[in-house]
Amino acid sequence: MKITSFGEVLWDDFPTGKKLGGAPLNVVTRLQSLGVDTSIISRIGDDEDGRTILKEVEQRKVPHTFIQTDPEQATSLVTVTLSDKGSASYEIVYPCAWDRIEATQEACDRVAESDAFVFGSLATRDEVSRAALEKLLEHARFKIFDVNLRPPHYDYERIRHFLNKADVVKLNDCELYELAEAFGSPYHSLEQNVGFLVDNFNCRNLCITMGEHGAIFYDDGTFYYHGGYRVKVADTVGSGDNFLAGFIYKLMNNAPADETLSFACALGAMVASHHGANPEISLQDIQDFMYPA
């Protein structure tokens, strides 16, 4: 299995110090740890933060062949604020290096040979990276859109455009309601609004995360539900990204939908019980968590 992601690599700046992050990197980092052939198409600055990112990415065994270096823009630094319950909010500087990603021929070739191509909305905020993404999508066999709204770095018409290009869409329940209302939905329930998006866009597969309450997977006409796993939350940074990694891992291995959802919820919960987005978690750890002796 080959999975390639596109978008931001950055430093999350916590009160306790900096941690490597960015949703597309978090996803492939977890998939790599599960034995998947991964790569990320991104961009860093020609600075110490960028050079340290390359070292850390290498330590995590994620290939950095397609992480470009920008001669002008700095490596991205994001200020993270945590609430009393561990929920995170982000201050994301614009512009930065990943706003200037290029669609090189080598990157296009990697996307073309990948089983799935993962992208989010944040890296579409600038026209340079957005144009690169459009070109890369032309080569993608299977497209997974991680909506991942980060105000004020999105607009609804861009979201509409990329919803129409995706084979699978992952978003949280707040994002679902926000987008449904923005696109004119008259409905109030989650299921009705899923149906509204399906009826108005080309995507037939939506995955909706609901934090501690689990997730829902709409798979071409059928709803699957998982109530989530109860854990003591350290922080929520990266838990949604790891959920998506677990979801992709099972989906691309043709696992049943209910198994896919259960595995993804377990991985998201396990990460939420640790600080940071990339704690060490093995396949055996996940199995032990899901099915304790």
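Biologist: How many residues does the largest nonpolar core have?
Modeller: This is a predicted model, and its buried nonpolar residues can be grouped through their side-chain atoms. Those with the most contacts inside the largest core include Phe 6, Ile 41, Phe 117 and Leu 206. Helix H7, residues 190-200, supplies the largest share, 5 residues, and the core as a whole has 51 residues.

Biologist: Which residues of a second, separate core can you name?
Modeller: Apart from the core to which helix H7 gives its largest share, there is a separate one of 31 residues. Among its members are Val 36, Phe 263, Cys 265 and Leu 267.

Biologist: Which residue is joined to Pro 95 by a cis peptide bond?
Modeller: Pro 95 sits in the loop that runs between strand E7 (88-92) and helix H3 (105-112). The omega of the cis bond is about -5°, and the partner of Pro 95 in that bond is Tyr 94.

Biologist: And which residue is joined to Pro 152 by a cis peptide bond?
Modeller: Pro 152 belongs to the loop between strand E9 (143-146) and helix H5 (156-163). Here omega is about 5°, and the residue joined to Pro 152 is Pro 151.

Biologist: Is Lys 61 buried or exposed?
Modeller: Lys 61, in the loop between helix H2 (48-59) and strand E5 (67-70), has a positive phi of about 65° although it is not a glycine. Its relative accessible area is 63%; because the cut-off for this class is over 50%, Lys 61 counts as exposed.

Conventions: Residues are numbered from 1 along each chain as its sequence is written. This is a predicted model: local features need pLDDT of at least 70, side-chain atom pairs count only at pLDDT 80 or more; totals for chains, interfaces and linings use all residues. Side-chain values use heavy atoms; hydrogens and water are left out. A nonpolar core is a set of buried Ala, Val, Leu, Ile, Met, Phe, Trp, Tyr and Cys residues joined through side-chain atoms within 4.5 Å. Buried means under 20% relative accessible area, exposed over 50%, partly exposed in between (1.4 Å probe, protein chains only). Helices (H or I, at least four residues) and strands (E, at least two) are DSSP runs, numbered from the N terminus.
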